[in-house]
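Biologist: Can you walk me through this model? I'd like the fold, the salt bridges and the surface.

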Amino acid sequence: QVQLVESGGGLVQAGGSLRLSCAASGSIFRVNDMGWYRQAPGKQRELVATITSGGITNYADSVKGRFTISRDNAKKTVDLQMNSLKPEDTAVYYCNAWMVVTIVPKQYTYWGQGTQVTVSS
């Protein structure tokens with residue numbers, strides 16, 4: 001069974017830092033783009049950051065300069081280092097990955113279960 005398992009998150013004061021990690025497991029032929037999304041109460045899920053298998057990154061304007069996404073292709077992991085956290089960063093953060101999981105070269109999107117990040121003022 002292919003799955004994404006997240007770790008990290010928690011409660012932190014404004015200005016603090018947290019690190020989220022996500023690992024892909026199961027029968028996987030290839031992991032393509034990976035990323036992090038978040039969903040605050042009453043809001044739609046939004047992109048936080050993505051990274052290609054070649055290391056090209058993309059960030060939401062709201063997190064540029066504060067968050068850093070990285071990945072380890074060999075370990076099939078993606079991390080999100082979050083610095084200078086603000087109360088408005090409070091949300092459930094979801095790991096996402098596009099993966100080829102069969103011999104047919106077609107990718108599918110997978111989501112982690114979500115991890116809560118709460119930033120107190």
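The chat below takes those topics in turn.

Biologist: What am I looking at, and how are residues numbered?
Modeller: This is a predicted model, where local features need pLDDT of at least 70, side-chain atom pairs count only at pLDDT 80 or more, and totals for chains, interfaces and linings use all residues. Residues are numbered from 1 along each chain as its sequence is written, and side-chain values use heavy atoms, with hydrogens and water left out.

Biologist: How many helices and strands does the protein have?
Modeller: Zero helices and 11 strands. Those are DSSP runs, numbered from the N terminus: H or I of at least four residues for helices, E of at least two for strands.

Biologist: What about the radius of gyration?
Modeller: The protein has 14 Å, which agrees with the value near 14 Å for a compact globule of 121 residues. The radius is taken over C-alpha atoms, and the rule is 2.2 Å times the number of residues to the power 0.38. The C-alpha box is roughly 50 × 25 × 25 Å along the principal axes.

Biologist: How much is buried?
Modeller: 41% of the 121 residues. Buried means under 20% relative accessible area, exposed over 50%, partly exposed in between, with a 1.4 Å probe and protein chains only.

Biologist: Switching to charges. How many salt bridges?
Modeller: Five. The criterion is a side-chain nitrogen of Lys or Arg within 4 Å of a carboxyl oxygen of Asp or Glu. One of them pairs Asp79 with Arg19, closest N and O atoms 3.1 Å apart.

Biologist: Where do Asp79 and Arg19 lie?
Modeller: Asp79 is in strand S8 (residues 77-82) and Arg19 in strand S3 (residues 18-25), so the pair ties together parts 60 residues apart in sequence. Asp79 counts as buried, at 16% relative accessibility. Arg19 is partly exposed, at 41%.

Biologist: And Asp89, which residue does it bridge to?
Modeller: Arg38, with the closest N and O atoms 3.0 Å apart. Asp89 sits in the loop between S8 and S9, Arg38 in strand S4 (residues 30-39), so parts 51 residues apart in sequence are tied together. Both Asp89 and Arg38 are buried.

Biologist: Now the surface. Which residues form the nonpolar patch?
Modeller: Phe29, Ile103 and Val104, with about 360 Å² of accessible area together. Patch members have over 30% relative accessible area and no salt bridge; like charges are joined within 9 Å, nonpolar side chains (Val, Leu, Ile, Met, Phe, Trp, Tyr) within 5 Å. Areas come from the Shrake-Rupley method with a 1.4 Å probe; for residues, only the protein chains shown count as cover.

Biologist: Where is Val104?
Modeller: In the loop between strand S9 (91-100) and strand S10 (107-111). Val104 is partly exposed, at 49%.
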